[in-house]
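Welcome! Please take a moment to look over the sequence and the 3D structure before reading on.

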Amino acid sequence: MTKLARLFHNADDVVDAWRDALRHRDVKGALDIWLDDDSITCVLPEGHRLSGHAEIREGLERLLAKQPLFLEPIACISHSVLGAAIYDTTEAVHLRPDQVEAEFFLNITLVLLQDSQGWRIAHLHASHSTEETFDAPSTPHGLH
């Protein structure tokens with residue numbers, strides 16, 4: 001991982017950078033926003049649990065091999081404490097930038113930690129939503 005990665009001063013910027021990297025099929029850019037630590041983990045929507053940068057890189061390359069992913073946040077609840085932030089989101093997934101209807105919905109939990117490089121992702125868990133259509137929830141769907 002490059003030591004010249006962008007310094008994120010708030011956790012929201014990291015979440016935006018994650019969506020931007022998926023939109024541009026930028027695996028390197030996506031990896032640059034993860035902690036520089038072997039204990040990072042990621043669960044992709046198909047259920048594969050990935051640990052460390054090498055496995056996450058391979059998973060992202062597989063995920064983005066065919067097309068970019070355009071994530072549109074539908075609902076987001078975040079919790080922050082000193083040096084840690086958790087985002088619990090439901091996101092509509094589009095496969096084209098001009099697509100109006102979502103292909104499917106994902107429930108995503110992101111755990112971010114703050115270190116000397118600013119905010120970075122420590123864990124991501126994504127799973128397909130059980131809903132076929134989505135109305136704005138009155139209560140959160142719960143952390144993964």
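The report below goes from the overall layout to the sheet, the core and a few single residues.

## How to read this model

This is a predicted model, in which local features need pLDDT of at least 70 and side-chain atom pairs count only at pLDDT 80 or more, while totals for chains, interfaces and linings use all residues. Residues are numbered from 1 along each chain as its sequence is written, and side-chain values use heavy atoms, with hydrogens and water left out.

## The overall layout

Let us begin with the parts list. The protein has three helices and six strands; helices (H or I, at least four residues) and strands (E, at least two) are DSSP runs, numbered from the N terminus. Read from the N terminus, the order of elements is α-α-β-β-α-β-β-β-β.

Of the 144 residues, 44% count as buried. Here buried means under 20% relative accessible area, exposed means over 50%, and partly exposed lies in between (1.4 Å probe, protein chains only). A contact means heavy atoms within 4.5 Å. Among the contacts with a separation of 6 or more, 54% come from residues 24 or more positions apart.

## The sheet

Strands of a sheet pair through backbone hydrogen bonds, either parallel or antiparallel. In this model, six strands form an open sheet with mixed pairing, in the order S2-S1-S6-S5-S4-S3. The edges are S2 and strand S3 (70–81), each of which pairs on one side only. On average, neighbouring strands of this sheet are turned by 20° against each other, direction ignored. Two strands are said to pair if DSSP finds at least two bridges between them; axes are lines fitted to C-alpha atoms, for helices over the stretch in contact, and angles run from 0 to 180 degrees between N-to-C directions.

Helix H3 (residues 52–64) packs on the sheet, where H3 touches S1 and S2, and its direction makes about 135° with that of S2. Elsewhere in the sheet, strand S4 (residues 84–94) and strand S5 (residues 104–115) run antiparallel and are joined by ten bridges. Asp 88 stands opposite Thr 109 in S5. S3 and S4 also pair in the antiparallel sense, over eleven bridges, and Pro 73 stands opposite Glu 91 in S4. The hairpin of S3 and S4 has two residues between the strands, and Gly 83 takes a positive phi near 80° there.

## The nonpolar core

In soluble globular proteins, nonpolar side chains tend to be buried together. A nonpolar core is a set of buried Ala, Val, Leu, Ile, Met, Phe, Trp, Tyr and Cys residues joined through side-chain atoms within 4.5 Å. The largest one here has 35 residues, and those with the most contacts inside it are Trp 18, Trp 34 and Leu 112. Two or more residues come from each of helix H1 (11–23), helix H2 (27–31), H3, S4, S5 and strand S6 (118–128). H1 gives the most to this core, with seven residues.

Which kind of pair do Trp 18 and Trp 34 form? They make an edge-to-face aromatic pair, 6.2 Å centre to centre with 75° between the planes, and a search of the whole structure finds one aromatic pair. Rings of Phe, Tyr and Trp (its six-membered ring) pair if their centres lie within 6.5 Å; planes under 30 degrees apart count as stacked, over 60 as edge-to-face and the rest as tilted. Trp 18 lies in helix H1 and Trp 34 in the loop between H2 and S1, so the pair ties together parts that are 16 residues apart in sequence. Trp 18 is buried at 5% relative accessible area, and Trp 34 is buried at 0%. Beyond residues up to four places away in sequence, Trp 18 touches Ala 30, Ile 33, Trp 34, Leu 60, Leu 71, Ile 121 and Leu 124.

Leu 44 is in the loop between strand S1 (41–43) and strand S2 (49–51). Is Leu 44 buried or exposed? Leu 44 counts as buried, at 4% relative accessibility. Leaving out residues up to four places away in sequence, Leu 44 touches Leu 50, Gly 59, Arg 62, Leu 63 and Ala 126.

Most residues other than glycine have a negative phi, and most peptide bonds are trans. Arg 25, in the loop between H1 and H2, has a positive phi near 55°. Arg 25 is partly exposed, with a relative accessible area of 39%.
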